Amino acid sequence: MPAEEKLPYRSDDLSKHFRVSSSTPYDRNGDRYWLDYLKINCHPVTDEHVREWPEKPASFRSSLAEYSAAVHELAQTLLRLIAEGLGLDGGFFAGDLSGGSTQMNVNYYPPCPDPSLTLGLLPHCDRHLLTVLSQGDVAGLQARHGGGWLLVRPIPGSFVVNLGHQMEIITNGLLASVEHRAVTNTAAVRLSVVTLIMPKMECRIGPAPEMVNEATGPAKFKEFEFSEFIKAYSAAAASREDVLHYFRIHR
Ligand SMILES: O=C(O)CCC(=O)C(=O)O
Ligand SMILES: [Fe+2]
């Protein structure tokens, strides 16, 4: 899309359902990141949301609606399997825990003249329940492993599935959210399409009583409303330990 058609959507207002911006909204010492992104509220596909989606290219709205429905079906299948794997009811994550309005991030990382000077995206854990991420065929996503970073190699036609902070909290730490970041490269544009499965803002979250057991130990987190978590996440500039600090039970 030409720059002048993107310009009306340019905004750093986090409450907007459809916006285009650069770097991140999280300020860590004024650092900037090598990234342009588009944020879209993509589910449920309501008139209110669709009205905010661009009309061009002509197939955009119908393609997004179709993709969004397919990713949601996949996410619900994954959540059912995770629940069953944990010994919970298959519908445990359905309903309010995964029924918030869904955001999609389309991240665009242009080639960077000197990748040693900046990252594409800062180290963070995802703030919601589950992420379904398509990274195309250009590498750049890295996951925290021990003290270092491990490249998540792109596998054509596959999705990367990340567990968010809420999954870690609900399972009392058993299914931990892995910190990740994106690095840049000098040669190729990288695009990632990231669908974020969110709880409803008013949903109460805490370790599920079934998950507080011998294997996981006493409850590690307090109960909270998801909207409080979102505020704390922004205040902590998405830093994993800083945000979890607010919600941990310190014994
Ligand atoms: O571009 C990537 O692979 C990572 C994107 C990501 O972590 C996010 O949007 O939360
Ligand atoms: Fe992420």
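**Exercise 1. The shell around ligand 1**

List the residues that surround ligand 1, then find the elements that give two or more residues to this shell.

*Solution.* Start with the residues: ligand 1 has Asn 105, Asn 107, Tyr 109, Leu 121, His 124, Asp 126, Leu 133, Leu 141, His 180, Arg 190, Ser 192 and Val 194 around it. A residue is near a molecule if one of its heavy atoms lies within 4 Å of it. Before going on, note that this is a predicted model, in which local features need pLDDT of at least 70 and side-chain atom pairs count only at pLDDT 80 or more, while totals for chains, interfaces and linings use all residues. Residues are numbered from 1 along each chain as its sequence is written, chains are lettered from A and ligands numbered from 1 in the order in which they are written, and side-chain values use heavy atoms, with hydrogens and water left out.

Next, look at the space itself: ligand 1 takes up the largest pocket. On a 1 Å grid over the protein atoms alone, a pocket is an open set of points with protein on both sides within 12 Å along at least five of seven lines; a molecule sits in it if more than half of its atoms lie within 2 Å of its grid points.

Finally, the elements: E3, strand E4 (121–124) and E10 each give two or more residues to the shell around ligand 1. Strands (E, at least two residues) and helices (H or I, at least four) are DSSP runs, numbered from the N terminus.

**Exercise 2. Salt bridges across the chain**

Where do the partners of the Asp 96–Lys 200, Glu 179–Arg 144 and Arg 240–Glu 168 pairs lie? Are they buried or exposed?

*Solution.* The structure holds 8 salt bridges, each a side-chain nitrogen of Lys or Arg within 4 Å of a carboxyl oxygen of Asp or Glu. For the second part, buried means under 20% relative accessible area, exposed over 50%, and partly exposed in between (1.4 Å probe, protein chains only).

Step one: Asp 96 and Lys 200 form a salt bridge at 3.6 Å, N to O. Asp 96 is in the loop between helix H3 (60–85) and strand E3 (102–109), and Lys 200 in the loop between strand E10 (190–197) and strand E11 (204–205), 104 residues apart. Asp 96 is partly exposed at 39%, and Lys 200 is partly exposed at 31%.

Step two: the closest N and O atoms of Glu 179 and Arg 144 are 3.2 Å apart in their salt bridge. Glu 179 is in the loop between helix H4 (165–170) and strand E9 (180–182), Arg 144 in strand E6 (residues 141–145), 35 residues apart. Glu 179 is buried at 16%, whereas Arg 144 is partly exposed at 34%.

Step three: the side chains of Arg 240 and Glu 168 meet at 2.9 Å, N to O. This pair joins helix H6 (residues 240–247) to helix H4, 72 residues apart. Arg 240 is buried at 15%, and Glu 168 is buried at 5%. A salt-bridge network links Glu 168, Arg 240, Glu 241 and Arg 248. The Arg 240 side chain also has a polar atom 3.0 Å from the backbone oxygen of Ser 177.

**Exercise 3. Backbone geometry**

Which peptide bonds are cis, and what is phi at Asn 172 and Ala 238?

*Solution.* Keep the background in mind: most residues other than glycine have a negative phi, and most peptide bonds are trans. The bond from His 43 to Pro 44 is cis, with omega near 0 degrees, and Pro 44 is in the loop between strand E2 (36–43) and helix H2 (47–50). The bond from Lys 56 to Pro 57 is also cis, with omega near -10 degrees; Pro 57 lies in the loop between H2 and H3.

For phi, Asn 172 has a positive value near 55 degrees and is buried at 0%. Ala 238 has a positive phi near 65 degrees, sits in the loop between helix H5 (226–235) and H6, and is buried at 1%.

Methods: On a 1 Å grid over the protein atoms alone, a cavity is a set of points where a 1.4 Å probe fits but cannot get out, and a pocket is an open set with protein on both sides within 12 Å along at least five of seven lines; lining residues have an atom within 4 Å of a point. A polar contact is a pair of N or O atoms within 3.5 Å; within protein, one must be able to donate a hydrogen and the other to accept it, and residues adjacent in sequence count only if both atoms are side-chain atoms.
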